[in-house]
Every structure is written in structure tokens, then in C-alpha cells.
Amino acid sequence: MRVEKVIIAAVLVGSVGTQWLNAREQREALSLLQGEVDRVSTSVERLQRASSARGLEHEGRPATRWAPAAVQAHLPAVTAPPSVQEVPPVPNLPVVAPFNADAARDQVARAFEREPSDSGWASEALRELRENLSSHMPRTASVRALDCRATLCRLEVDFPMEADFQEAMGRPGAMARLWQGPSVARFERDSARGSVTVIGYLVRPGYPMPVEGPATATP
């Protein structure tokens with residue numbers, strides 16, 4: 001009986017020793033494995049940093065980590081845009097007096113009185129005016145005066161009735177049908193007779209109206 005107990009005890013001790021040795025070997029193996037894992041992780045990190053550095057150098061940027069303060073120190077200073085200068089005021093332009101038709105007619109009348117005669121052009125202008133008057137004036141209208149000088153003609157036509165005047169001269173372009181050059185006219189109404197007299201000055205085509213300031217043709 002005693003011998004069996006000793007044998008059993010020896011077996012138990014051997015089993016415990018074997019387990020202890022196995023656990024020790026496992027710990028050593030785990031320690032070696034952990035060290036290998038650490039070495040692999042370190043190598044991977046080094047490879048990643050090297051790859052990142054090469055990528056930045058390929059793009060032309062230094063592979064240096066900048067702190068926020070360093071980044072701000074290397075940024076260019078931002079300046080506010082220059083203020084927009086106010087546009088200088090436009091200088092006062094000279095005031096142009098409005099066109100005075102009565103004054104223009106008086107100037108043309110005085111120019112006509114002073115102007116010498118040009119028999120060549122005057123005879124051709126008179127012929128043209130007589131033809132146009134015959135074509136565009138009503139039969140009741142009568143030509144009281146018609147005279148041409150060097151560059152101006154004076155025409156005076158009497159309309160015994162307002163309706164005749166409106167028919168001949170009230171439509172747009174009435175004076176242009178009589179004459180192709182510039183013209184200015186004055187209308188005199190006789191309330192007692194009910195008549196209208198047109199006194200017009202016609203300028204030779206290609207010549208300006210002899211007045212100071214703009215002049216327009218009378219419709």
C-alpha cells in the first residue's frame with residue numbers, strides 16, 4: 001500500500017512538472033511572437049513614413065510636419081483691398097440755348113437780302129420749284145413771290161382757306177416734297193379772311209443753313 005502511494009505521488013509530481021515546463025515554453029514562445037509582431041509593426045510604420053515622404057517630394061513639397069504657428073508664419077500677409085476712389089465730378093458743360101425758330105428765320109432773311117445772284121443755279125432752282133408747286137399745291141393756292149440768289153430762295157404762297165393749307169402743308173414731309181435742301185418757314189394766319197400765308201427760305205442743297213446754332217427743316 002505504501003509503495004503504491006509513493007508511485008502515485010511521483011506520477012503526480014511528474015505531471016505537474018511537465019505542465020509547468022509546457023507553460024514556460026508557451027510563455028517564451030508568446031514572448032518571441034510578440035517581439036516579432038512589434039518588429040513587423042515598426043517596419044510597416046517606417047515604410048509608410050518613407051512612402052509619404054517620397055509622395056510629398058514628388059509633388060514639390062517638403063516632407064516636414066508644420067505646427068500651426070509655423071504655417072501661419074510662412075503664409076503671406078493678407079492686406080485689405082484699396083479703397084475705391086470716388087469718381088471726380090464731371091465739369092459743368094456750357095449751357096446751350098434752345099433753338100429759336102423766329103431768330104433763325106430773321107437771320108436767314110437778312111442773309112438772303114445780302115446775298116448776290118447766281119444766274120446759273122438760280123434759274124435751275126426756279127424751274128424746279130415751279131414744277132413742284134404745280135404738282136403738290138392745290139389750285140386755290142397762289143404764289144405771291146419766288147426769288148433765288150446764289151444759295152438761297154425765298155418763296156411766298158397764299159392759301160385762301162385753312163383747309164387748303166392743311167391739305168398741302170399739314171402732312172409730314174410737305175416741304176421736302178417741294179425742296180430737297182434745308183428750309184425754314186413762317187406761317188401767317190389772317191383770322192378775318194381765314195387764310196394762311198407761308199413764307200419760306202430754301203437753302204441750296206449741299207450748303208448749310210446760314211444761322212447760328214442748329215436748324216431743322218419745316219415739315
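## The lining of the largest cavity

By class, the residues that line the largest cavity are eight nonpolar, no polar and no charged ones. The model described here is predicted. The lining consists of Met 137, Leu 155, Val 157, Phe 159, Met 169, Met 175, Leu 178 and Val 198. The volume of this largest cavity is about 40 Å³, and the count of cavities of 30 Å³ or more comes to one.

Two elements, strand S2 (152-159) and helix H6 (174-178), each supply at least two residues of this lining. S2 gives the most, with three residues.

## Overall layout

The protein has six helices and four strands. Along the sequence they follow the pattern α-α-α-α-β-β-α-α-β-β.

Of its 219 residues, 25% count as buried. Among contacts between residues at least 6 apart in sequence, 63% join residues at least 24 apart.

## The nonpolar cores

The largest nonpolar core has 24 residues, and those touching the most other members are Met 137, Cys 148, Cys 153, Val 157, Phe 159 and Met 169. The elements that contribute two or more residues to this core are H4, S2, helix H5 (162-169), H6 and S4. H4 provides the largest share, six residues. Apart from this core lies another, of twelve residues, including Ala 104, Val 108, Phe 112 and Val 211.

Which residues does Cys 153 touch, not counting residues up to four places away in sequence? They are Phe 112, Trp 121, Ala 125, Leu 129, Asp 147, Cys 148, Gly 200, Tyr 201 and Leu 202.

## Salt bridges

Side chains of opposite charge can pair when their charged atoms come close. The structure holds ten salt bridges. One of them joins Asp 118 and Arg 204, with the closest N and O atoms 3.5 Å apart. Asp 118 lies in the loop between helix H3 (101-114) and helix H4 (119-136), and Arg 204 in the segment after strand S4 (195-203), so the pair ties together parts that are 86 residues apart in sequence. Asp 118 has a relative accessible area of 28%, so this residue counts as partly exposed.

Another salt bridge links Glu 131 to Arg 127, and here the closest N and O atoms are 2.9 Å apart. Why are Glu 131 and Arg 127 separated by about one helical turn? The reason is that Glu 131 and Arg 127 are four residues apart in helix H4. Glu 131 is partly exposed at 44% relative accessibility, and Arg 127 is partly exposed at 39%. Salt bridges that share partners join Glu 124, Arg 127 and Glu 131 into one network.

## A buried pair

Arg 154 and Glu 156 also form a salt bridge, with an N to O distance of 3.3 Å. Are Arg 154 and Glu 156 buried or exposed? Both Arg 154 and Glu 156 are buried.

Notes. Residues numbered from 1 in each chain as written. Predicted model: local features only at pLDDT ≥ 70, side-chain atom pairs only at ≥ 80, totals over all residues. Heavy atoms only, no water. 1 Å grid on protein atoms, 1.4 Å probe; cavity = no way out; pocket = protein on both sides within 12 Å on 5 of 7 lines; lining within 4 Å. Points joined across faces, edges and corners; volume = space filled by probe spheres on them. Nonpolar A, V, L, I, M, F, W, Y, C, P; charged D, E, K, R; others polar. Salt bridge = Lys/Arg side-chain N within 4 Å of Asp/Glu carboxyl O. Buried < 20%, exposed > 50% of the residue type's maximum accessible area, 1.4 Å probe, protein only. Core = buried A, V, L, I, M, F, W, Y, C linked by side-chain atoms within 4.5 Å. Contact = heavy atoms within 4.5 Å.
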